[in-house]
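Please look over the structure shown below, and then read the report that follows it, which takes up the chain as a whole before turning to parts of its surface.

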Amino acid sequence: MLACAPTQEPWRHRQACAGRPHGSHRGAGAASTTGVLLASLAGASYAAYSLATGRVGTLAASAFLVAAIVTAPVLALVPVAWAADLRAWPALLFLGAIKTGLAYALFTRGLARLTTSTAVTLSLIEPLTAWLLAILVVGEPVTAQRFLGAMLIFGGLAIVSLAPNRGAARAA
């Protein structure tokens, strides 16, 4: 298997390298300790964000400002020359304003109306959506393992969503 090196055409690179670790000869599904640790850190950060935003509600915009300031030094470490190409700007604006901004605005609004645990549990539908889009847009193959994983997520969400609220029953 050839290594996946970035190309001048990011879309073709994503299609050619879907499911393969960047710059690696390992097969799809291989996990690195660093990757697992970073994914765990991302999950913990997401949980902290959800808890904090659920409590402060309208102050969620300040969390994004702090996040932008804290992560800005990363721009010095990664190649960003592609962003100077004016053809990249519509995609950047879409990803920033619609994909990220609107999604988090709606999520924050949901946090104000639901318990944090319910909102975060329901947001777990995101991997299913990403998987379906990967199948439909990128042409990722449907394997038995991926299908089973999707069904486990869906089943778990159904159980959690349809189960009676035991915490409310204990409080009464």
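## Burial and overall make-up

Of the 172 residues in the protein chain, 12% are buried, in a model that is predicted. The accessible surface of the protein chain comes to about 13,000 Å², and carbon and sulfur atoms account for 72% of that surface.

The protein chain holds 8 helices and 0 strands, so that its pattern, read along the sequence, is α-α-α-α-α-α-α-α. Among the contacts in the protein chain with a separation of 6 or more, 45% are between residues 24 or more positions apart.

## A nonpolar surface patch

Val74, Leu75, Leu77, Val78, Val80 and Trp82 together make a nonpolar surface patch of about 610 Å². One of these residues, Val80, is found in the loop between α3 (60-71) and α4 (89-113). Val80 counts as partly exposed because its relative accessibility is 37%, a value that lies between the limits of 20% for buried and 50% for exposed residues.

## The second largest pocket

The second largest pocket contains about 400 Å³ of space, and its lining consists of Tyr46, Lys99, Thr100, Ala103, Tyr104, Phe107, Ser123, Ile125, Glu126, Thr129 and Leu133. Two or more residues of this lining are given by each of the elements α4 and α6 (126-138).

Which element provides the largest share of the lining of the second largest pocket? That share comes from α4, with 5 residues.

Notes:
Residues are numbered from 1 along each chain as its sequence is written. This is a predicted model: local features need pLDDT of at least 70, side-chain atom pairs count only at pLDDT 80 or more; totals for chains, interfaces and linings use all residues. Side-chain values use heavy atoms; hydrogens and water are left out. Helices (H or I, at least four residues) and strands (E, at least two) are DSSP runs, numbered from the N terminus. Buried means under 20% relative accessible area, exposed over 50%, partly exposed in between (1.4 Å probe, protein chains only). Contact means heavy atoms within 4.5 Å. Accessible areas come from the Shrake-Rupley method with a 1.4 Å probe; for residues, only the protein chains shown count as cover. Patches are made of residues with over 30% relative accessible area and no salt bridge: like charges are joined within 9 Å, nonpolar side chains (Val, Leu, Ile, Met, Phe, Trp, Tyr) within 5 Å. A salt bridge is a side-chain nitrogen of Lys or Arg within 4 Å of a carboxyl oxygen of Asp or Glu. On a 1 Å grid over the protein atoms alone, a cavity is a set of points where a 1.4 Å probe fits but cannot get out, and a pocket is an open set with protein on both sides within 12 Å along at least five of seven lines; lining residues have an atom within 4 Å of a point. Grid points are joined across faces, edges and corners, and a volume is the space filled by probe spheres set on the points.
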